[in-house]
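Subject: Structure handover and findings

Hello,

Here is the structure for your set-up. Please look it over first; the notes follow.

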Amino acid sequence: MADIVTASFHKNRRTTLERIEKYISDVYFTDANLRGKLYPSSKPIEKIWHWALPGGEGKWEKFPFSSIVGQNFTPTKVGESFGPTWSTHWFKLEVMIPENWMGQEVWLRWKSQSEAMVWSESGSPLQGLSTGVEKQMRSGYRISECWKPTERRLPLVYYIEMSCNNMFGAGKNGMINPPDENKTFTLEMAEICTLDKQVRKLLLDLDVLHGMAKKLEEDPRGYEALYCANQMINYIVNGNKSLASRIADNFFAKRNGERAHTLAVMGHCHIDSAWLWPYSETKRKCARSWSSTLQLMKDYPEMKFVCSQAQQFEWVKMYYPELYARIKIRVQEGRFIPVGGTWVEMDGLIPSGESFMRQFLYGQRFFQKEFGLKCKEFWLPDTFGYSAQFPQICKLFGINRFLTQKLSWNLVNRFPHHNFLWEGLDGSTVLAHFPPGDSYEMDVTVDEAVRTVKNLEDKGRVTTSAFLYGFGDGGGGPTSDMLERARRLSDVDGCPRMEHMSPSEFFQRLEKDQRNLCRWVGELYLELHNGTYTSQAKTKKQNRECEFALREAEMLLAVTTIRGLLRNSEGYRYQAELGEAWKKVLLNQFHDVIPGSSIGIVYRDSDVLYQEALKFAKGIKNFCLDVLCKGNSSEGENEMSVINTLPWPVKKVINVSKEILEEPSQKRIRLEEETMQPASTGGHYVAVKAQGIGYSKLNVTHAAPVEVGFKDNKFILRNSFIEAVITRYGTVENLRLAGGDARDVFAVDHQDGVKYGNKINLYDDIPLYWDAWDTMDYHLETEQHLNHEGVQLVQEMEIVESGPLLVKLRWHMKISEHSSLRQDIELTAVNPYLTFNTYVDWHEKHKFLKVSFDTGLHAKKATFDSQFGHVERPTHSNTTWDSAKFEVCGHKWADISEHNFGVAVLNDSKYGWTCKGSKLSLSLLRSPKAPDDKCDMGAHTFKYALMPHDGSFQKAQVQKKAYEFNTDLIVTPSQSLNVKADTWFNLEGEGAMIEAVKLSEDNGNVVVRIYEMNGGRSTVRLRITAHPPPASAQLCNGLEEPIAPLVLVKSHPSSGTEAYVCDLHLTPFKIVNVLLIYARQ
Ligand SMILES: [Zn+2]
């Protein structure tokens, strides 16, 4: 018969289509259909032995393969169950292959309802297996493509490592629910079988034809596919598989015209570094997925695999060195392609600017060191919003391209581009691409390919779109079925073209179309998952603490080293160790950990990592203080010094113990009644002033007193900056600047009702599905104001400290039957803000706690602190884009201002804000129950502050006050700091911040990172007085590589301290990295 396809007897599209579907189904009619003929012969594996690895989650890390083989394995069989959740079980298999299977393709098939790994007898991880969820099933390992009895000696021995979890953890009655800790996993299948290659080919032909027939319903080509598949079945049924195969080949040989869109297909495997499983399981997920990928690469030379997250490479290097060596070869071939440039795929909103710098610094350095390459694309497909500073930071690391797809999850507005120029806060631009299929885990189906082109928002502007295939989130990666379909769809009339490309090849093509693209300015706000700015409050607080502690430690280490008090090599070594501490913090910034969307045990692990990082940073700090401050003799005067790590003078009220003050050596401290205040908890409050980055002798400073009064049942707090009226139940009724300024933050002149601040509000917080992730707009309709007149307090407001340096009021109320809040409201003599030191005992279900400042101000926008700058967002809901921003991310402060007057709220650990109308709210605590049912239950301490100001927030230096609010002065005994005061680094001129002073990664020079923080243009002078002087200075990039020389000038300031200065020209929100080069010691 000729190879001509004829149409089906009857014009019944539905029956023909479903006939094809059933003929390749793995569920229906497998006794008679083609799928049932895929494995013609099979045989159970008779000899299986089992050994349970002692202990649960993560214990496998202590048992390398070499220690497994000698264990006491006992016989087991199919039908047995193993557990509990997170435990590890090893199986040893002896496989006898029948003689009559010679020349056949032979497979090992294993189904254990869990994830697993096949190991060779000699300890090589061969391939991952996953049999938990149908969609992600990978149940076979190919023993031989064409079995020859002489190939290997029988019996063949394999080991299988079973992890008692599936691809998406072990959620109880639902994927994102907390894990069922006592699950068991049953060995359902352990067999060897032969695979019929021709049947496999026909199944895939039919699969793709069926896809085309179904998807291209309006297109004659879809009918051609339908009839071709129908006729193939007739031929197969009649015993003529070859003819069936040939008509399929003929069909697929009909090429596209020139107009066809191209899909740049890239193998991918998104592995969440922790999520519904702990970090320890991710290490194994990487090995399972990547070993499977290497297996596939043998069969599919066209395959390219894109892989992000340096941390995951490092894990594989550490735990699977042999696999890592094989990966390295594929990297060199350009087929296993590291991408992204960051340490992990981090959250895009909560980490500080410096954290982002470190994500790229340690990520790019890893890829450089291990593979000799720098990533050219920033890869962050699955993160819940993208900071407006990303374009600039990317560029500092040589990255001009960005890929994500998460904005397709927007609940309200459809993002208008898949390809665009993304302009960041400082004007830097990167080329951005969202794969139009809106996914990073495609199966390579006709439906997806056609949908990708249909979805494309830039039709006529670009010719190519990225298409990422391979199972993801829990790992898995590409399968041979996907690659087979990609072969058939490489260029077939009716479907877009598929071409295997690296990200670089793809972006090069896109760059040619760049002139056609539109521009998007500012942050990429995800209209979903806004609860993640608040869930798992402790993790966010630890992140903030670590960011500041590491800053302090690095700065002191740099100063100690360049002053010659540490050998260069020692300083360098400690800096490398601080880098390791940073990496712990960076790992926890992974896009399901810091957002609060992981299971409970992940937070047990993150807690340990934070504590280790913090302990190490504090250790380095104390060590450096010791070295810096210790004199040559033990007999010298032991005086107290104050070290300030912020680049401007800071005044604070601190508590010093009586003993220190009465120490005879404290000659310079002249205590007078008005310069100290006994503290109710012991010690004395004194006001101190400290020089910008450097030290001063602890000298008490005079300050105009702070006072507290009581009138009309209200407390009046007043210092030389502000005046506040506070009610007995904690709300702030009036807030004015001192000096008779009549303007009141909470006054209203055009509305009824009273406005006030520090309203503690409780909301119902039940999302649609993603519990820890989402808070919905309707939660705002359920506001319940807790601290109002007449409320029954646990403890009435009382005056705890009454000045002249510190006034403190304390009150305590119930939030509900189960939860309570205690607060100290403080005003010092030296700071222009009211501080609310808050303790909450929190035991709620689906409730959201916020503090609101319902001002009388009239402003169309509010401003929020972000990475190396700030972003503005509307306070109105004119458009759907405005109204979708009902809960937004901000860092240390937010501000609402009219012309010349406004108020800022500062905080030490919070990230969620709402600003609608004149009301600014700070989100404090949530209580989601999935995936961690204990999320945020228990005790919390945090603080926030309320700062009214004259002029703009820039003029009022709100940013500086927010840094001060998050940084303590270091009070330390000193001998060698024997001059009155010294400044190590300083900035002259306004509007800039020294974010980091650190030893350079490679050679013990010093990197000073400065950014413009007002959104303006200025020239600042960096002053370096740390001795010895630097030999030269260079502008450098994020990788600390010099870019251009800077002019370094010797200067003699009036104080007599010799200094070197260099002038830096800053534009709005610019990050400038200065490399100070020191002569080798
Ligand atoms: Zn993810």
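Contact here means heavy atoms within 4.5 Å. This is a predicted model, where local features need pLDDT of at least 70, side-chain atom pairs count only at pLDDT 80 or more, and totals for chains, interfaces and linings use all residues. Residues are numbered from 1 along each chain as its sequence is written, and side-chain values use heavy atoms, with hydrogens and water left out.

Lys-929

Leaving aside neighbours within four places in sequence, Lys-929 is in contact with Pro-178, Asp-771, Glu-844, Lys-845, His-846 and Met-937. Lys-929 is buried but has no salt bridge. Buried means under 20% relative accessible area, exposed over 50%, partly exposed in between (1.4 Å probe, protein chains only). A salt bridge is a side-chain nitrogen of Lys or Arg within 4 Å of a carboxyl oxygen of Asp or Glu. Asp-933 is the nearest side chain of opposite charge, 7.7 Å away. A polar atom of the Lys-929 side chain does lie 2.9 Å from the backbone oxygen of Glu-844.

Lys-929 sits in the loop between strand E45 (919-925) and strand E46 (938-950). Helices (H or I, at least four residues) and strands (E, at least two) are DSSP runs, numbered from the N terminus. Pro-931 is in the loop between E45 and E46. A cis peptide bond joins Ala-930 to Pro-931, with omega about 5°.

Zinc site

His-270 (NE2), Asp-272 (OD), Asp-382 (OD) and His-591 (NE2) coordinate the zinc ion at 1.9 to 2.1 Å. Donors are N, O and S atoms within 2.8 Å of the metal (3.2 Å for Na, K and Ca); water is not among the atoms, so sites may look incomplete. The donor angles run from 89 to 156°, which makes the arrangement irregular. Four donors count as tetrahedral if all angles lie between 85 and 135 degrees; four count as square planar and six as octahedral if opposite donors are over 155 degrees apart and all others between 65 and 115; anything else is irregular. Asp-272 and Asp-382 are buried.

Backbone points

Gln-309 is not a glycine, yet its phi is positive, about 75°. At 1% relative accessibility, Gln-309 counts as buried. Asp-438 also has a positive phi, near 55°. Asp-438 is partly exposed, with a relative accessible area of 25%.

Best wishes

Technical notes
Lys and Arg count as positive and Asp and Glu as negative; His and the chain ends are not counted. A polar contact is a pair of N or O atoms within 3.5 Å; within protein, one must be able to donate a hydrogen and the other to accept it, and residues adjacent in sequence count only if both atoms are side-chain atoms.
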